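Colleague: I would like to learn how to read charged pairs and nonpolar cores in a model. Could we go through one together?

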Amino acid sequence: MLTIRNLRSGYGAVEVLHGIDLEVQAGAITALIGANGAGKTTLLMTICGRPRARTGEIVFQGEDIAQLPTFKLVRRGIAHVPEGRHIFPRMSVLENLQMGAYAADPAHYTADLDFVLGLFPILKSRLNQFGGTLSGGEQQMLAIARALMARPRLLVLDEPSLGLAPLIVRQLFEIIAAIHRDRKMGILLVEQNAYQALKLASRAFVMVNGAITLAGTGAELLANPNVQSAYLEGAPAPAHS
């Protein structure tokens with residue numbers, strides 16, 4: 001579905017990504033883990049058009065999209081939930097969801113609204129409330145729901161659990177699993193909670209200083225001693241069959 005080859009990107013004179021190679025399979029969850037400052041957010045933002053790729057290819061469903069503007073990427077089926085949520089705080093919950101649906105076929109609006117409100121029932125009781133008055137967890141739910149209203153083929157999630165209480169984090173990962181199960185869409189997940197991300201992922205990558213240093217299945221990376229020592233301290237030990 002998404003193939004990235006020799007991608008370089010950055011800001012001004014600073015190159016952040018140094019020849020990234022990465023693939024996201026259709027209908028699969030792919031996790032990207034790494035320390036703060038490794039370049040994970042820059043990679044997601046480059047996929048979505050800001051900043052632009054300097055060299056390399058970003059191929060989505062057979063088309064090189066590296067130089068396409070962001071609004072065209074949305075219409076091609078990529079929805080980005082950025083770090084920090086970035087909902088519209090002065091719009092109601094319903095208006096936020098309607099903004100997410102602007103690029104989708106209006107014929108699916110009612111069914112899509114029912115789907116996201118089924119995933120996030122708390123939003124149903126908040127439809128007329130301003131987005132900025134929601135709790136942090138509710139705002140994250142709204143950000144994901146808004147992205148889903150675009151009917152994406154690829155959902156790009158940047159640190160969805162950041163700053164949330166443990167109970168909300170568990171609920172959020174259950175919802176991500178439900179989205180994958182029900183919609184069969186590809187998901188590219190950048191997540192500080194490496195244990196939960198690798199548990200969900202069929203394929204995973206480790207990024208260090210703007211380069212991919214390790215790749216494998218989620219289970220393989222969970223069992224990797226170097227990954228365990230660097231990213232999984234304090235997490236439950238992986239189960240062995």
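Colleague: With which residue does Arg 5 form a salt bridge?

Modeller: Keep in mind that this is a predicted model. Side chains of opposite charge can pair when their charged atoms come close. Here the partner of Arg 5 is Glu 57, and their closest N and O atoms are 2.6 Å apart.

Colleague: Which parts of the chain does that pair link?

Modeller: Distant ones: Arg 5 belongs to strand S1 (residues 2-11) and Glu 57 to strand S4 (residues 55-60), 52 residues apart.

Colleague: How many salt bridges does the structure hold?

Modeller: Seven. One of them joins the side chains of Asp 112 and Arg 151, with 2.6 Å from N to O. Asp 112 sits in helix H4 (residues 109-119), while Arg 151 is in the loop between helix H6 (136-148) and strand S7 (154-158), so this pair ties together parts that are 39 residues apart in sequence.

Colleague: Is Asp 112 buried or exposed?

Modeller: Buried, because its relative accessibility is 2%.

Colleague: What about a salt bridge between sequence neighbours?

Modeller: Take Arg 181 and Asp 182, whose closest N and O atoms are 3.5 Å apart. Arg 181 is partly exposed because its relative accessibility is 49%, and Asp 182 is partly exposed at 44%. Salt bridges can also share partners: Asp 112, Arg 151 and Arg 183 are joined into one network in that way.

Colleague: Now the nonpolar side. Which residues touch the most other members of the largest nonpolar core?

Modeller: That core has 50 residues, and the ones touching the most other members are Leu 97, Val 116, Leu 123, Leu 148 and Leu 155.

Colleague: What is Leu 123 in contact with, leaving aside its neighbours within four places in sequence?

Modeller: Its contacts are Val 93, Leu 117, Leu 134, Glu 138, Met 141, Leu 142 and Ala 145. There is also a second, separate core of 28 residues, with Leu 2, Ile 4, Leu 44 and Met 207 among them.

Conventions:
Residues numbered from 1 in each chain as written. Predicted model: local features only at pLDDT ≥ 70, side-chain atom pairs only at ≥ 80, totals over all residues. Heavy atoms only, no water. Salt bridge = Lys/Arg side-chain N within 4 Å of Asp/Glu carboxyl O. Helix = DSSP H or I, 4+ residues; strand = E, 2+ residues; numbered from the N terminus. Buried < 20%, exposed > 50% of the residue type's maximum accessible area, 1.4 Å probe, protein only. Core = buried A, V, L, I, M, F, W, Y, C linked by side-chain atoms within 4.5 Å. Contact = heavy atoms within 4.5 Å.
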